[in-house]
Structure formats: C-alpha cells, structure tokens
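Here is a short briefing on one chain. Read it beside the sequence and the 3D view.

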Amino acid sequence: MVEIEDKSVRLALNGIFTDGLHLGWKGYEILYKEIEAEIGRQWPELTPEKVLFTVSIAGSGIKVQMI
C-alpha cells in the first residue's frame, strides 16, 4: 500500500482507490470513460450509439433489439 502524506492529494484520491491500490467506484468510472473514449477514437463504429444489441428471451421466441 502506498502511504500518501499530503492531505489534499489524499482527499483528491478519495473514492478513486479503496485501499490505495484497488480501484473504487470513482476509479472504475474514470477508467470506463477513458476506455470508452479510446474505443471511440480508434474504432468509431463501435461506440455505444452505433452498436445494435439483440437480446433473446430464452424459450419465448422473443428478440429485442436495443441501440
């Protein structure tokens, strides 16, 4: 574990890490946004707005398409 002496840095990182090493909810949110942005730059056809998802309800014959 990394010990952070500076209180302002510690406060800024609050929520990003749960224990100084593992990501917390804020950390995962930042990571998700950065990965999503990089996918948009590298493969714009794979952005969430352009990907069509089909969900089948088992045994019902029902398929739902979501964008």
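**Surface patch**

Val55, Ile57, Ile62 and Val64 make up a nonpolar patch on the surface, and together they have about 300 Å² of accessible area. Strands E1 and E2 (62–66) are the elements that give two or more residues to this patch. The model is predicted.

**One patch member**

- Val55 is found in strand E1.
- Val55 counts as partly exposed because its relative accessible area is 37%, which falls between the cut-offs of 20% and 50%.

**Fold and confidence**

- The chain has two helices and two strands.
- Starting at the N terminus, the order of the elements is α-α-β-β.
- The mean pLDDT of the chain is 81.
- A score of at least 70 is reached by 78% of the residues.
- Confidence is highest in helix H2, with a mean of 93.
- Confidence is lowest in helix H1 (residues 7–13), with a mean of 68.
- Where pLDDT is low, predicted coordinates should not be read in detail.

**Burial, surface and contacts**

- The chain has 67 residues, and 7% of them count as buried.
- Its accessible surface is about 5,900 Å².
- Carbon and sulfur atoms supply 63% of that surface.
- Among contacts with a separation of 6 or more, 0% join residues 24 or more positions apart.

**The loop between H2 and E1**

- Thr47 sits in the loop that links helix H2 (25–42) to strand E1 (53–57).
- Is Thr47 buried or exposed? Thr47 is buried, because its relative accessible area is 14%, and the cut-off for buried is under 20%.
- A polar atom of the Thr47 side chain lies 3.3 Å from the backbone oxygen of Pro44.

**The loop between H1 and H2**

- Asn14 belongs to the loop between H1 and H2.
- Asn14 is exposed, because its relative accessible area is 52%, and the cut-off for exposed is over 50%.
- How far apart are the C-alpha atoms of Asn14 and Gly27? They are separated by 9.5 Å, and the two residues are 13 residues apart along the chain.

- Thr47, in the loop between H2 and E1, is buried at 14%.
- Val55, in strand E1, is partly exposed at 37%.
- Asn14, in the loop between H1 and H2, is exposed at 52%.

How values were computed
Residues are numbered from 1 along each chain as its sequence is written. This is a predicted model: local features need pLDDT of at least 70, side-chain atom pairs count only at pLDDT 80 or more; totals for chains, interfaces and linings use all residues. Side-chain values use heavy atoms; hydrogens and water are left out. Helices (H or I, at least four residues) and strands (E, at least two) are DSSP runs, numbered from the N terminus. Buried means under 20% relative accessible area, exposed over 50%, partly exposed in between (1.4 Å probe, protein chains only). A polar contact is a pair of N or O atoms within 3.5 Å; within protein, one must be able to donate a hydrogen and the other to accept it, and residues adjacent in sequence count only if both atoms are side-chain atoms. pLDDT is the predictor's confidence in each residue, from 0 to 100. Contact means heavy atoms within 4.5 Å. Accessible areas come from the Shrake-Rupley method with a 1.4 Å probe; for residues, only the protein chains shown count as cover. Patches are made of residues with over 30% relative accessible area and no salt bridge: like charges are joined within 9 Å, nonpolar side chains (Val, Leu, Ile, Met, Phe, Trp, Tyr) within 5 Å. A salt bridge is a side-chain nitrogen of Lys or Arg within 4 Å of a carboxyl oxygen of Asp or Glu.
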